Amino acid sequence: MTSTVHRTCPLCEAVCGLTLTLDEGGHVTSVRGDKEDPFSKGFICPKGASLGRLDEDPDRLRKPLIREGDLWREVGWEEAFAAVKAGLDRVADRRSVAVYLGNPNAHSMAGALYGAPLIKALGTRNVYSASTADQMPKHVASGLMFGHPLAIPVPDLDRTDYLLMLGANPLESNGSLCTAPDFPGRLKALRGRGGRLVVVDPRRTRTAALADEHVFVRPGTDAYLLFGIVHTLFAEDLVTPSAVMDPQRSEDIHHSTPSGGRPANRVNGLDQVRKAAKHFPPEAVSRRTGVPAEVIVRLARELAAAPTAAVYARIGTCTAEFGTLAQWLVDVLNVLTGNLDRPGGAMFPKPATEFGMRRRPYQVGRWKSRVRGLPEANGELPVATLADEIETPGEGQVTFLLTVAGNPVLSAPHGARLDAAFGRLDFMVSVDPYLNETTKHANVILPPPRVLQSGHYDFALLGFAVRNYTRYSPPLLPLDGQPSEAQILARLAAIASGIALGLDGDLDAFVIDEMLRKAAETPGSGIEGRDVAELRDALEGETGGERRLDLMLRLGPYGEWAGKGDLSLRKLLDNPHGLDLGALEPRLDEVLKTASGLVELAPPQLIEDVERLRGKLAEEPPEIVLIGRRHLRSNNSWLHNVGPLVGGSNTCTLQINPADVARLGLGGEAVVRSAKGQLTVPLEPTDTIMPGVVSLPHGWGHAGSAQSVAAEHPGVSVNTLTDESTIDVPSGNAVFNGVPVTISPTGVIIAH
Ligand SMILES: Nc1nc2c(c(=O)[nH]1)N[C@H]1C(S)=C(S)[C@@H](COP(=O)(O)OP(=O)(O)OC[C@H]3O[C@@H](n4cnc5c(=O)[nH]c(N)nc54)[C@H](O)[C@@H]3O)O[C@H]1N2
Ligand SMILES: Nc1nc2c(c(=O)[nH]1)N[C@H]1C(S)=C(S)[C@@H](COP(=O)(O)OP(=O)(O)OC[C@H]3O[C@@H](n4cnc5c(=O)[nH]c(N)nc54)[C@H](O)[C@@H]3O)O[C@H]1N2
Ligand code: SF4
Ligand SMILES: [Mo]
């Protein structure tokens, strides 16, 4: 007997609905796109189609491992947790404990619900995550402008008339901080309805090939380009009055509501932006960016003239030297062109589990890292300084590391240094399904269950969706004695806080009571004054995680308790294909959490960083710089063990312009050197990349891997070359794009 089941794909940000066929043994026999999912409508990519292969990968760990020297021993769960406790008990000072949370935490219920309590229980400020190798600039820019790090506007893809996209390649990545299943189809539809798509990228990507226009930009210079556009808007008087901003009444008319309605001007700092932009006229910016001045001027005019438009920028612009400035300028443009918070522009989604967004004004740099004095952002320190904290003796030196769903040896800047540093730790614990480049250093590895044994709700990603939408996928297969990832993290939190919690429940009961108590005390929460015990008993769900989801849904904006709807876990279970909650709607007033109650167009920290940008405007660029890229059938470092996904077009090659190949006299392979390391790589000459720029994908470097398929396709790790000493200053984010390198033929010895 086969069965047909439905669930959300957890592999990337597109949240596609999948329809799986299982045989009686619970093996996946087919995976298709779920045609009845109102958001993804049957879309699927090769990764989703391989979910069964991934789930049943024989190299996945099924039992905890304890390392004794170079040997690994499979152990039972109680022995594994006892070993973790013994390791943590040896730490005299909790400042010496570090935790690294990797990317899949953004795709799991466990990461969303148990990450924060775990950090709290560990009692350390040595908190690191993939965020500072990814989107921290976006959080910092949003935090400073809108008052909340998660108030990230997304392009209203399905309605916009004009999309300016920088440093993103959704035809390979399927989109990021813009949850949009079938991103390619949505871009085609934009063009189909007469809209215009412009892509800015140092490579003519598949997305650029689909666009109306592709603009080559020199890596790391997007902030200059964006400033050039801002400059033009002011210079040509193209700043658009809008519901958000009335430029005639620009400064300091805070909250004046002449007709008693909405404030006429909800923007602070317009004049400061105008002043700052003066330094970046198109001609000056053109020299730095490689974008012709007339193109910059035209882009400004087009953005201003389009009936609706959105500017969207992603990883190519985040993981760069001026990442935060670039993210800021993206939304400055959305404001100046009248497109923030209006249909067809850049809008704030309203996720079903949004509840009680924090009101304290957003701050960065509340504390600093011990060794380099780098500022905290969102409660985290930059992963670019993790090695410093492990290597540098003194009070608070990191001796104990917990990694959850991360592979920083391959994903962090200058990962090779972390590889060595991890070898020096006193104790390391990894929650991960694989023995890999990072977890090989652990003393204990705790594997989460298979995907199909796990419930799934996209707490994080649905907050960036281009339509409001919700869907819950309950576990499809029983756990068979294996703890869920939620239980693993809850148990670790219990160990860390010295509480003898069992595998299930208590942490969730605590969190639920806290949330209910707060909501019951909050006027207008929908359950004000109601009895906590009674409400708690009304919650449904098989697990603590499901009950917490139920609570968040009921208290959320569409919830049956607090919102304007009837959402609950029950309703989602009754609608296994998911529910469309409608097109995005203007909601700036609900989202804004700045102290002034206005959009802060010129936060002091960013205006200060503009000086750094100005300082480098006239700088001669390096002769050759390195950037990254993604391949459709890859996912950071961990899908290379699935046969159908590796090889072919998904290989670790250095893209290089043929003119550079000829100029440098290169053959089939070359040696790439940076300030931090060197690699010998196969070349892929292609005129789709700018001269003076080379590109290598990240996540490779599996030589000697315990994963059998990955070991056959090892590739090299680009993060041997990247430099942890250069960061985006306001956010501490890693710089992966624009790394200076030299390239020489193999066999040539270069004296240093
Ligand atoms: N040079 C360069 N470096 C980059 C980037 C780049 O563009 N260029 N991109 C950066 C970006 S955007 C990111 S997000 C980071 C990613 O950085 P990381 O998150 O550190 O690395 P991943 O490769 O995503 O590793 C994920 C790990 O989680 C494990 N895993 C998978 N599923 C689960 C699960 O359900 N539970 C648990 N516990 N573990 C699981 C995998 O086995 C793997 O070990 O890399 C960054 N590094
Ligand atoms: N197939 C696949 N999908 C993924 C992932 C994956 O590894 N593989 N990873 C997931 C993760 S963790 C993330 S964060 C997202 C990222 O999603 P995207 O941001 O769409 O990531 P990329 O496909 O790497 O596209 C980044 C583009 O930026 C360009 N670029 C590099 N430097 C610069 C620059 O200085 N300026 C400009 N303008 N462009 C530049 C690169 O050439 C590249 O085309 O993808 C997610 N989806
Ligand atoms: S696009 Fe992303 S979510 Fe959709 S099937 Fe592919 S990997 Fe899964
Ligand atoms: Mo990422």
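**The surroundings of the two ligands**

Modeller: Gladly! Taken alone, ligand 1 exposes 920 Å², and the protein buries 94% of that. Please keep in mind that this is a predicted model.

In total, 28 residues surround the ligand, and the closest are Tyr100, Asn103, Asp432, Glu485 and Ser637. Tyrosine 100 uses its side chain: one of its N or O atoms there is 2.7 Å from an oxygen atom of ligand 1. Valine 431 takes part through its backbone instead, with an N or O atom 3.0 Å from a nitrogen atom of ligand 1.

What kinds of residue make up this shell? By class, the shell around ligand 1 holds 14 nonpolar, ten polar and four charged residues. As for where they come from, domain 1 (65–133 + 363–446) and domain 4 (622–745) each supply at least three residues to the shell around ligand 1.

Now let us move on to ligand 2. Here the shell counts 30 residues, and those that come nearest are Ser173, Asp201, Asp222, His631 and Asn636. Aspartate 201 has a polar side-chain atom 2.7 Å from an oxygen atom of ligand 2. Lysine 47 also reaches in with its side chain, placing a polar atom 3.3 Å from a nitrogen atom of ligand 2. Isoleucine 315 contributes from the backbone, where a polar atom is 3.1 Å from an oxygen atom of ligand 2.

How much of ligand 2 does the protein cover? On its own, ligand 2 has 910 Å² of accessible area, and the protein covers 98% of it. The elements giving two or more residues to this shell are helix 6 (170–173) and helix 13 (315–318). Sorted by class, the shell around ligand 2 has eight nonpolar, 14 polar and eight charged residues. Ligand 2 lies between domain 2 (155–345 + 593–614) and domain 4 (622–745), because both give residues to its shell.

The unreviewed UniProt entry carries the annotation "domain: 4Fe-4S Mo/W bis-MGD-type" for residues 2–59. In the model, the end C-alpha atoms of that span lie 25 Å apart, and the span is 16% helix and 31% strand. Alanine 49 belongs to helix 1 (residues 46–49). With a relative accessible area of 41%, alanine 49 is partly exposed. From there to aspartate 237 is 188 residues along the chain, and the C-alpha atoms of alanine 49 and aspartate 237 are separated by 50 Å.

Glutamate 68 is another landmark, found in strand 4 (residues 65–68). Glutamate 68 has a relative accessible area of 42%, so it is partly exposed. Its C-alpha atom is separated by 25 Å from that of leucine 122, which is 54 residues away along the chain.

Finally, look at strand 29 (residues 742–745), which contains serine 744. Is serine 744 buried or exposed? Its relative accessibility is 5%, so serine 744 counts as buried. The side chain of serine 744 also makes a polar contact of 2.9 Å with the side chain of arginine 673.

Conventions. Residues are numbered from 1 along each chain as its sequence is written. Chains are lettered from A and ligands numbered from 1 in the order in which they are written. This is a predicted model: local features need pLDDT of at least 70, side-chain atom pairs count only at pLDDT 80 or more; totals for chains, interfaces and linings use all residues. Side-chain values use heavy atoms; hydrogens and water are left out. UniProt positions are given in the numbering used here, feature names are shortened, and annotations may be inferred rather than shown by experiment. Helices (H or I, at least four residues) and strands (E, at least two) are DSSP runs, numbered from the N terminus. Buried means under 20% relative accessible area, exposed over 50%, partly exposed in between (1.4 Å probe, protein chains only). A polar contact is a pair of N or O atoms within 3.5 Å; within protein, one must be able to donate a hydrogen and the other to accept it, and residues adjacent in sequence count only if both atoms are side-chain atoms. A residue is near a molecule or strand if one of its heavy atoms lies within 4 Å of it. Accessible areas come from the Shrake-Rupley method with a 1.4 Å probe; for residues, only the protein chains shown count as cover. Ala, Val, Leu, Ile, Met, Phe, Trp, Tyr, Cys and Pro count as nonpolar, Asp, Glu, Lys and Arg as charged, and the others, Gly among them, as polar. Domain bounds come from an automatic or database domain assignment.
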